[in-house]
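Colleague: I am new to this structure and would like to learn how to read it feature by feature. Could you take me through it slowly?

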Amino acid sequence: MRWGYAKKRYCSVMSAPGRCSGAVCNAVQPEVTMTRNHPEPHLVDDTLGRAYPIDPPRWRSDDGNPLSISELPGINRKAIDASQRSLWRYHAALPMPIEHPVSMGEGCTPLIPRPWNGHPCLFKLEWFAPTGSFKDRGASVMLSLLRQQGVGAVLEDSSGNGGAAIAAYGAAAGIRVRVIAPAYAQDAKIAQIRAFGAEVQLVDGPREASEAEAVRQSDHMFYASHNWHPFFLQGTKTLGYELWEDLDFRPPDNIIIPTGAGSNVLGCDLAFRELMRVGEIDRLPRLFCAQPANCAPIHAHFQARPGDVVAPQFAPTIAEGTAIKHPVRLTQVLDAVRRSRGGTVAVSEAQIVAALKRLTGMGFYVEPTCASAAAALDLLWERGDIRPDQRTVVVLTGSGLKATAFMTDTFGGAG
Ligand SMILES: Cc1ncc(COP(=O)(O)O)c(C=O)c1O
């Protein structure tokens with residue numbers, strides 16, 4: 001069920017949705033869709049509030065800031081398309097119709113109740129995805145839009161899982177993909193990207209060097225970044241809708257998320273706020289970011305008092321997927337966590353390894369990156385931040401098969 005259209009126009013250079021900034025207007029002036037006071041979905045510069053149409057494709061604002069989709073009305077349970085066994089069952093919650101989704105059955109992942117430390121807990125097995133990580137949600141939605149917009153080749157930077165997801169969905173969509181990856185990335189992850197036919201460019205230096213190289217190349221190839229492009233978050237948003245449906249249309253009390261740039265945090269924030277807006281739920285679940293203590297900028301900013309200088313220290317971590325020193329949407333992630341009355345947790349390398357061993361001992365073959373969320377659960381209970389009788393979801397985001405070298409060192413191989 002989609003919302004209807006009323007013929008209004010808005011200036012594509014706006015200081016706030018619906019209000020002209022007085023700046024020179026772009027030639028493109030999209031029609032405005034109005035229902036329930038929601039104008040036609042458009043892109044909004046998160047920092048300056050300037051609006052842009054969704055077409056033509058763009059990944060950041062003219063001022064170099066990240067973009068979000070304007071506020072959407074949300075969908076109720078009747079709008080779920082039960083004929084789809086994938087995240088596309090929530091297609092009505094997307095900003096615009098996608099005629100031919102690029103889908104390989106992503107989403108509809110298991111939510112499994114298991115005791116953790118003797119207390120009930122729910123594990124969301126997000127590594128049940130075509131490429132073995134949650135990134136398939138974002139890749140499916142983002143590449144579906146880009147194909148619809150006529151984009152034939154894309155650029156991505158990634159330490160592994162994002163690159164694999166975009167390479168796979170690029171292959172499925174007939175879109176050429178170049179992935180810029182740090183030279184230290186795991187062989188197993190780079191092999192997976194190459195297997196999908198993507199071109200791989202390895203860059204020496206830290207993770208940020210790959211992002212800088214991708215931004216440099218973005219003037220001649222479309223940058224389909226999982227951290228920058230706002231439609232990636234429309235894909236991770238379906239995690240929130242799915243948890244709500246999994247739990248008989250109720251929100252959980254707490255969601256613990258392994259967090260680097262924060263795409264699942266922001267996706268859940270979008271979904272549950274939309275569900276509040278449409279009247280399906282009456283409270284937000286509390287969102288908790290789990291970060292490795294060796295790379296915990298979101299935790300450092302969240303814990304800081306006003307006026308504090310925040311200068312997190314960084315060291316290598318086995319939770320490599322979350323080793324993001326400068327999250328592109330830091331302010332938004334902090335806002336989402338605060339709005340939900342959630343929090344952040346930093347976990348040591350030893351706590352991550354211990355949690356990984358307990359998870360694998362339960363039959364969950366996950367990668368170390370997401371074991372940080374299970375480790376965080378122990379700390380949250382210990383600190384009394386959440387109660388064991390509450391309904392808590394731990395999101396497990398990546399398959400252990402992605403981290404073969406680490407798993408072999410930890411558990412032993414044939415030799
Ligand atoms: C397995 C896994 N979990 C969690 C994350 C963190 O996701 P985000 O950076 O969107 O917070 C990543 C990112 O690459 C990942 O690969």
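Colleague: Which way do E8 and strand E9 run, and how many bridges join them?

Modeller: Please keep in mind that this is a predicted model. E8 and strand E9, the latter covering residues 119-125, run antiparallel and are joined by six bridges.

Colleague: What lies in the loop between E8 and E9?

Modeller: Asparagine 117 has its place there. As a general idea, most residues other than glycine have a negative phi, and most peptide bonds are trans. Asparagine 117, however, has a positive phi, near 60°, and is not a glycine. With 12 other C-beta atoms within 10 Å, asparagine 117 is exposed.

Colleague: What is the order of the strands in the open sheet of six?

Modeller: The order is E8-E9-E17-E14-E15-E16, and the pairing is mixed. Strand E8 (111-116) and E16 are the edge strands, each of them pairing on one side only. From one strand to the next, the twist averages 30°. Helix H6 packs on this sheet, where it touches E14, E15 and strand E17 (392-396), and its direction makes about 175° with that of E15.

Colleague: How does E15 pair with strand E14 and with strand E16?

Modeller: Strand E14, residues 254-258, pairs with E15 in the parallel sense over five bridges, and asparagine 254 stands opposite arginine 286 in E15. Strand E16, residues 343-347, also pairs with E15 in the parallel sense over five bridges, and there cysteine 289 has threonine 344 of E16 as its bridge partner. If you follow E14, H6 and E15 together, they make a right-handed β-α-β unit.

Colleague: Where do the side chains of E15 point, and are they buried or exposed?

Modeller: In a regular strand the side chains alternate between the two faces of the sheet. In E15, Arg286, Phe288, Ala290 and Pro292 point one way while Leu287, Cys289 and Gln291 point the other way, and all are buried. Because seven of the seven residues of strand E15 (residues 286-292) are buried, the strand is largely enclosed by the rest of the structure.

Colleague: What does isoleucine 352 touch?

Modeller: Leaving aside residues up to four places away in sequence, isoleucine 352 touches Pro292, Ile318, Ala319, Val347, Pro368, Ala371, Ser372 and Ala375. Isoleucine 352 lies in helix H9 (residues 349-361), and it is buried, with 28 other C-beta atoms within 10 Å.

Colleague: Which strands stand at the edges of the open sheet of four strands?

Modeller: That sheet has the order E12-E11-E10-E13, with parallel pairing. Strand E12 (199-203) and strand E13 (222-223) each have a single partner strand, so one side of each is left without a neighbour in the sheet. Strand E11, residues 176-182, pairs with E12 over five bridges in the parallel sense, and alanine 181 stands opposite leucine 202 in E12. Helix H4 (residues 207-217) packs on the sheet, touching strand E10 (153-157), E11, E12 and E13, and its direction makes about 145° with that of E11.

Colleague: Which residues come nearest to the ligand, and which helices supply its shell?

Modeller: Among the 18 residues around the ligand, Gly260, Ser263, Gly321, Thr397 and Gly398 come nearest. Helix H2 (161-173), helix H6 (263-277) and helix H10 (368-383) each supply at least two residues of the shell. Sorted by class, the shell has four nonpolar, 13 polar and one charged residues.

Notes: Residues numbered from 1 in each chain as written. Predicted model: local features only at pLDDT ≥ 70, side-chain atom pairs only at ≥ 80, totals over all residues. Near = placed C-beta within 6 Å. Nonpolar A, V, L, I, M, F, W, Y, C, P; charged D, E, K, R; others polar. Buried ≥ 20, exposed ≤ 12 C-beta atoms within 10 Å, placed from the backbone. Pairing = 2+ DSSP bridges. Right-handed = clockwise from strand over helix to strand, strands pointing away. Axes fitted to C-alpha atoms, helices over the stretch in contact; angles between N-to-C directions. Contact = placed C-beta atoms within 7 Å.
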